[in-house]
Amino acid sequence: MLIKKPSQLSLNENEATPETIYKQRRTILKALGITVAGLPLAQTAQAGLFDSFGKKDKPVDKRRVLTSESSPYSNRALSLTPEDKVLQYNNFYEFGTDKSDPAARAQNFKTNPWNIEIGGLVSNPITLGYEDIFKSFPIEERIYRLRCVEAWSMNIPWLGFPLASLLRKAGPLSNAKYVAFETLYDPKQMPGQASRRLGGGIDYPYVEGLRLDEAMHPLTLMSVGLYGKTLAPQNGAPIRLVVPWKYGFKSIKSVVRITLTDNQPPTTWNLLAPNEYGFYANVNPRVDHPRWSQASERFIGEGSIFSSRRQPTKMFNGYEAQVASLYQGLDLKRNY
Ligand code: MTE
């Protein structure tokens, strides 16, 4: 995700291919006397991505096979993004801002033992250990669209269970209105947490939040796997959130804490750039990012990243029929 860049770098995403964005950015940065290594925040993310995607060695696959049930919420008509791209083209700033950094740097990330705590305004606080996470709920396959705020998208066969099933076990109290999520904080294992430059200037731990009704929606998934196996570290092992109608940054990875609250919780990207990233972050082709259009997206499928086809962005990422009622009467331009 890009944060601040000189105004000369603004480009209409509809008119530019990723390669031209990258080349123009490099030229302009050079003219400004800025070296890529010296960039303070996340400006290197896309440049690094386009440089290195597919060139690094494939990490060894330590993932376990998971059995799953089919789900009426899965969209089997979607053409899938190839597994190697889902595993190598990632945003996980705890491991660096380049899209290839998480796959390169997270392979020794310890995901077992793991504890996830569910607490706050609940009648029955819960702590799940690593094996409990996989044993406590029937695992479903959900083929969902993933739309990043950076205007690229993938179709991914996730494995997981509804967040609602977990929250019901904890018993939300009547004054619970929001759900706050937190990623593991461990700078020894996550180099981006130990270095502001590597970690994109984020104050860690990475935090996210949903309204309680969004969290209870049947599409909202706690994912423990993809493509028939447990999650790879770079995709947020052992457990992450997936909210398919919102920009990808809401889908927080490697979750250790879920807290029900009566106040809207702070969220990482909103704290970093409040005029660019809101609390709601619903995918919306009619509400542009201040620096680029959200009307279309690059779909990452077969073939090279550079030749990814552009397609129109769908309202609520294609889940309008299921979720529009959550936002009746809400001004989606103000509540971006
Ligand atoms: N969660 C944490 N903890 N740290 C991150 O940097 N990046 C987000 C989201 N969850 C991120 C995160 C963003 S911007 C996106 S698009 C998705 O993860 C990407 O998920 P993927 O790499 O599995 O495709």
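Figure 1. The largest cavity is the space that the ligand takes up, and the model in which it is found is a predicted one. Around the ligand there are 17 residues. Sorted by class, this shell comprises 8 nonpolar, 6 polar and 3 charged residues.

Figure 2. Five members of the 17-residue shell come nearest: Asn-90, Tyr-93, Glu-94, Arg-240 and Lys-253. For Asn-90, a polar atom of the side chain is placed 2.9 Å from a ligand oxygen atom.

Figure 3. Asn-91 contributes through its backbone, where an N or O atom lies 3.2 Å from a nitrogen atom of the ligand. The ligand on its own would expose 530 Å², of which 100% is buried by the protein.

**Figure 4. Ser-223 in strand E7.** Strand E7 covers residues 221-226 and includes Ser-223. Ser-223 counts as buried because its relative accessibility is 0%, and the cut-off for buried is under 20%. A polar atom in the side chain of Ser-223 is 3.1 Å from the backbone oxygen of Gly-225.

How values were computed:
Residues numbered from 1 in each chain as written. Predicted model: local features only at pLDDT ≥ 70, side-chain atom pairs only at ≥ 80, totals over all residues. Heavy atoms only, no water. Near = heavy atom within 4 Å. Polar contact = N/O pair within 3.5 Å; in protein donor to acceptor, adjacent residues only side chain to side chain. Areas by Shrake-Rupley, 256 points an atom, 1.4 Å probe, with all protein chains shown as cover. 1 Å grid on protein atoms, 1.4 Å probe; cavity = no way out; pocket = protein on both sides within 12 Å on 5 of 7 lines; lining within 4 Å. Sits in = over half its atoms within 2 Å of the grid points. Nonpolar A, V, L, I, M, F, W, Y, C, P; charged D, E, K, R; others polar. Helix = DSSP H or I, 4+ residues; strand = E, 2+ residues; numbered from the N terminus. Buried < 20%, exposed > 50% of the residue type's maximum accessible area, 1.4 Å probe, protein only.
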